[in-house]
Amino acid sequence: MSWSEMSPLLSQACWDTLYMVGWSTLIAVVGGLPLGILLVLTDRGGLLQNVVANKVLGQVVNVARSMPFIILMVALMTFTRWITGTTIGREAAIVPLAIGAIPFFARLVETSVREVDGGLVEAVQSMGGNTWTIVRKVLVPESLPSLIAGTTTTIVALIGYSAMAGTVGAGGLGDIAIRYGYQRFETELMWITVAILAVVISLIQFAGDFAARSLHGRGGRSGPAPKLRLLKAK
Amino acid sequence: MITTTGLTKVYRSRGREVTALDGVDLHVREGEVYGVIGQSGAGKSSLIRCVNLLERPTSGTVTVAGQDLTALAGRGPRAGKELRQARSRIGMVFQHFNLLSSRTVQDNVELPLEILGKSGKERSRKALELLDLVGLADKAKAYPAQLSGGQKQRVGIARALAGDPKVLLSDEATSALDPETTRSILQLLRDLNRQLGLTVLLITHEMDVVKSICDSAALMENGRIVESGTVSELLATPGSQLASALFPVAGEATGDDRTVVDVTFHGEAATQPVISQLSRTYNIDISILGAAIDTVGGLQVGRMRIELPGRYEDNVVPIGFLREQGLQIDVVGQEPVLLVEGAK
Ligand SMILES: Nc1ncnc2c1ncn2[C@@H]1O[C@H](COP(=O)(O)OP(=O)(O)OP(=O)(O)O)[C@@H](O)[C@H]1O
Ligand SMILES: [Mg+2]
């Protein structure tokens, strides 16, 4: 296959991958951020302690996370059709990608938010701040570097999943690697795809690390890290 | 200004119960610096956290500036609007500063004002004014990670003052600082107390803190206040643990048949004539084991530990003589043992 044949294929594939990963990341962040924060707040000793809600949310997240993506994609077909009107193509792939990534990102958010020093929560409570204030002014900004790192991890994972989405005709780089590299022995095209994926993933990782680090640089901790206290309802 | 009555706090965790506060009656007058001292686990932090209801008391009431906070608390675990408003009028500073690392110094000080819904202009005016007050005007744009411990605590204090509180609570605000910085932070608290008429309730395990800035003090043990009063009252209380810890004199009896007496002089009471009179009148040899003069709570106090020959029974008359001179006398080993717990 000549370069002039490959180049439109590749650029279309790049665009498809970007499209799927971009939208599903956006949805995963919008859905996973509140879910992760809720997992922390409703936990025992949390600001919105609710043991039942916490157990239920935790279970749903666990099940969704441990589901192999390919099965999730098949299982969600009816839902996908209901949302997008089809089960084939880029738009259709976004649905299972996003739904798979929401619990994934939510757990990362949960871990990040738990690391916020309980003393900061207490300080804002002592100023008369309510739970919403605490979420907006403490939990999210203080865990931001870690949230950005979590987003990077999610994007990289989504690029991996999006390769599988190729099997529902969604296109993308993974799809090219399978169709041309595996099925038609276009080894050259496959290696180019692999190289592009490697570069894209490195770039994303680099950008994410850079963003997280530059936020960290201004901060670090506000004092000698005290023992981590559970966020308490007061 | 701050009154607690019958305050109790019982922590329940996994079936175990810990009584951290056991009927605490605290009374802090307006405009004073009140120190609570006690060993680790005595319940000091529980007490101060109950004052702004960061910790819900199990029973008892808390009144701050005439407002019964326990009545505002409601039954649920979350703080209602009224309680949050009341909290915004009580400043609090913390041992580990608790500054937001994601915000500049100025933005940290503005945080309480954001919560109060003040406009951006008003916030920055107030924040800069407070940073000036604590001597950090040039650090407004720095991040907390770029400051020293003492500077962080100054920011913590500025932030606590942002809502114009009448009351400042401080839980071991200087415990993470070196002695030099501790002194400057204490001085700042003292100045703010004087300049702004701020009532300060502070928790500490360092006697020096009480000694240098407190008007009144309380000693906590096992969730109870075992001694309390103004510093001069305490110093005038025979056998007061706080007084002897505030102002220790050393010296051991040189033999079994000796009586050791601590003599405390307040103000201008002249020392020499009393001792020599005693010696002359009763014809006894007095040895001085130790003596010190110090300023405690702004008062000049002298203390002398003397030794009289013979047992306590033999010295009832000379000791009575000393008491008649208006001196405060503590017979070591006779009255409650003088513990020097908590004094470092
Ligand atoms: N959240 C909690 N849950 C269970 N027990 C607690 C809790 N907080 C404090 N306690 C217990 O209550 C008692 C009093 O603790 P508190 O922190 O008030 O002591 P403290 O005088 O401030 O001690 P320190 O000088 O070490 O700070 C201790 O026995 C402690 O173990
Ligand atoms: Mg404590």
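The model is predicted, with local features needing pLDDT of at least 70 and side-chain atom pairs counting only at pLDDT 80 or more, while totals for chains, interfaces and linings use all residues. Residues are numbered from 1 along each chain as its sequence is written, chains are lettered from A and ligands numbered from 1 in the order in which they are written, and side-chain values use heavy atoms, with hydrogens and water left out.

**View 1. Chain A has nine helices and zero strands.** Helices here are DSSP runs of H or I with at least four residues, strands are runs of E with at least two, and both are numbered from the N terminus. The C-alpha trace of chain A spans about 70 × 40 × 25 Å along its principal axes.

**View 2. UniProt annotations mark out parts of chain A.** An unreviewed entry gives "domain: ABC transmembrane type-1" for residues 14-212 of chain A. UniProt positions follow the numbering used here, with shortened feature names, and annotations may be inferred rather than shown by experiment. Over residues 14-212, chain A is 83% helix and 0% strand, with 26 Å between the end C-alpha atoms. The unreviewed entry also places "transmembrane region" at residues 20-41, 62-80, 146-169 and 189-212 of chain A. Residues 146-169 of chain A are 83% helix and 0% strand, and their end C-alpha atoms lie 35 Å apart. For residues 189-212 of chain A, the values are 100% helix, 0% strand and 34 Å.

View 3. Two salt bridges are found across the interface, each a side-chain nitrogen of Lys or Arg within 4 Å of a carboxyl oxygen of Asp or Glu. One of the salt bridges pairs E114(B) with K137(A), whose closest N and O atoms are 2.5 Å apart.

**View 4. Ligand 1 sits at a site shared between chains, because residues from chains A and B surround it.** Its surroundings comprise 13 residues, the closest being S40(B), G41(B), K44(B), S45(B) and S46(B); a residue is near a molecule if one of its heavy atoms lies within 4 Å of it. A polar side-chain atom of K44(B) is 2.6 Å from an oxygen atom of ligand 1. For S46(B), a polar side-chain atom likewise lies 2.6 Å from an oxygen atom of ligand 1. At A42(B), a polar backbone atom is 3.2 Å from an oxygen atom of ligand 1.

Definitions and conventions. A polar contact is a pair of N or O atoms within 3.5 Å; within protein, one must be able to donate a hydrogen and the other to accept it, and residues adjacent in sequence count only if both atoms are side-chain atoms.
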